[in-house]
Amino acid sequence: MTLKISRILHAGYVFECEQTLIAFDTIFENPFSRNCHAFPDVRFDHAQIRELKLAAVFISHFHDDHCSLESLDLLHRETPIYLYCLFDELFAMLRELGFVNVQPLRVNQPVRVGPFEVIPREALDADVDSMFQVRAAGLNVLNVVDSWISPDALTELAKFAPWDMVLWPFQTMREIAVLSPSRAEPAAPTVPEDWLEELAVLDPRYVVPSSCQFVQEPWSWYNQAFFPVTYRQFQREVEAALPKTRVVRLNPSVSMVLDRDSIRPAAPLSWVSPVGEQEVDYQYRADLAAPSTASIACRFAALTPEQTELVLAYCQAGLLDKYREMELPEDSYFASPRLWRLSVYDHAGAGRHFHYRLEGDAIERLEQAAEPLAWTTEIPMAKLYAGLALGESLTSMYMRINDVVFGAEIEAQLAAADVLDDPLIRCLFNDGFAAYQAAQLRRLRQREQPGG
């Protein structure tokens, strides 16, 4: 008996055994999550995808690069959907989309589909993520998705060593560092030691560098700042640390047949078409100077007058209302009085600056800045609109935080501050569960209307 494993994109896979197909984290879009462009590049044949006969789809968590309603909309509504999520809202959205068999996943509770046994395993952030142990054809595969393994889970998973294959998230993404690039330390030049230690415990025959199979827009400075690990580096360091382990790269559409003794190429997925060079790799530049937010804002189309008014109304009133509704963490930088400047840049690079005085849960907007600044936030207007109306995630908004030099006292205090304590981040995302999927569902419903 054999197990065929095919890569879709990012964290997406199709597993096939005894003519039964199951899929994981199905993304059939390029770009996805608004500005994640497949790397290497691919096209999807949506007509073929609509004809797929999947015995089940497993979704590891609710993030939009793993659970996209635009992609799921291509599948037959009888397809069983198994989702790891602690919130009822997303299950309701999937049912509203028309899926008739939507089931929650529970850690360590197996799901059997034909010859497959899929066991959700506990991730480090169990409130958000899950991993998958897949058993079929006498083989054991661990799909870590793009989460990390909790210590208790690692102890349990070690009992199954040696694993036949581990799908390992191989990037140390710098999604927080790019928010405040002038204050971020350069990335470490090696694969993290704890990764190698955990892989040594699992002792896999094969490791697939998984997830993070994307770049941002072609002009984006993130493409040299976001991903510090290359495929070449990952393979070199993992195989040096685990001499019995072989690293196998799976590009989109690529398939491999795994059995007890070997791994060999198989026919690729016909509905994923490679475009251009496929053996591309990441290039990280620690010395890269980040472009200004004003210049980045010029890359985006102008908003309509109505969209502009929505953004300005939020900055003038809606943001204040939202901030007052939230409960400030006790250790927040904003527990003390702070003057905050929010700068919003339009498609021509012109900025509008809003000043606020914050103390604890209190906030007021100032017509003029009368005190030394203590925090700054910059964002393209188009991206702030996308966050408000389209559910766009933080990683694609090109937000810039504290990219200035403050006075000596403020600089000393900022050393202990958390960049995610930013007031705009908190107002947009503290209660923003499944906002992206909710926006998708609205668009899909509009398309179904006459003239939609």
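Strand E1 (residues 3-7) and strand E2 (residues 13-17) pair in the antiparallel sense over 4 bridges. Strands here are DSSP runs of type E with at least two residues, numbered from the N terminus, and two strands pair if DSSP finds at least two bridges between them. The model is predicted, so local features need pLDDT of at least 70 and side-chain atom pairs count only at pLDDT 80 or more, while totals for chains, interfaces and linings use all residues. Residues are numbered from 1 along each chain as its sequence is written, and side-chain values use heavy atoms, with hydrogens and water left out.

E1 and E2 form a hairpin with 5 residues between them. His10, in the turn, has a positive phi of about 55°. E1 also runs antiparallel to strand E17 (residues 255-258), joined to it by 4 bridges.

Some bridge partners are listed below.

| Residue | Partner | Strand of partner |
|---|---|---|
| Arg7 | Tyr13 | E2 |
| Leu3 | Leu258 | E17 |

Elsewhere, 7 strands form an open sheet with mixed pairing, in the order E9-E10-E11-E12-E13-E14-E16. Its edge strands, E9 (111-113) and E16 (246-247), each pair on one side only. E9 pairs with E10 (residues 116-122) in the antiparallel sense over 3 bridges.
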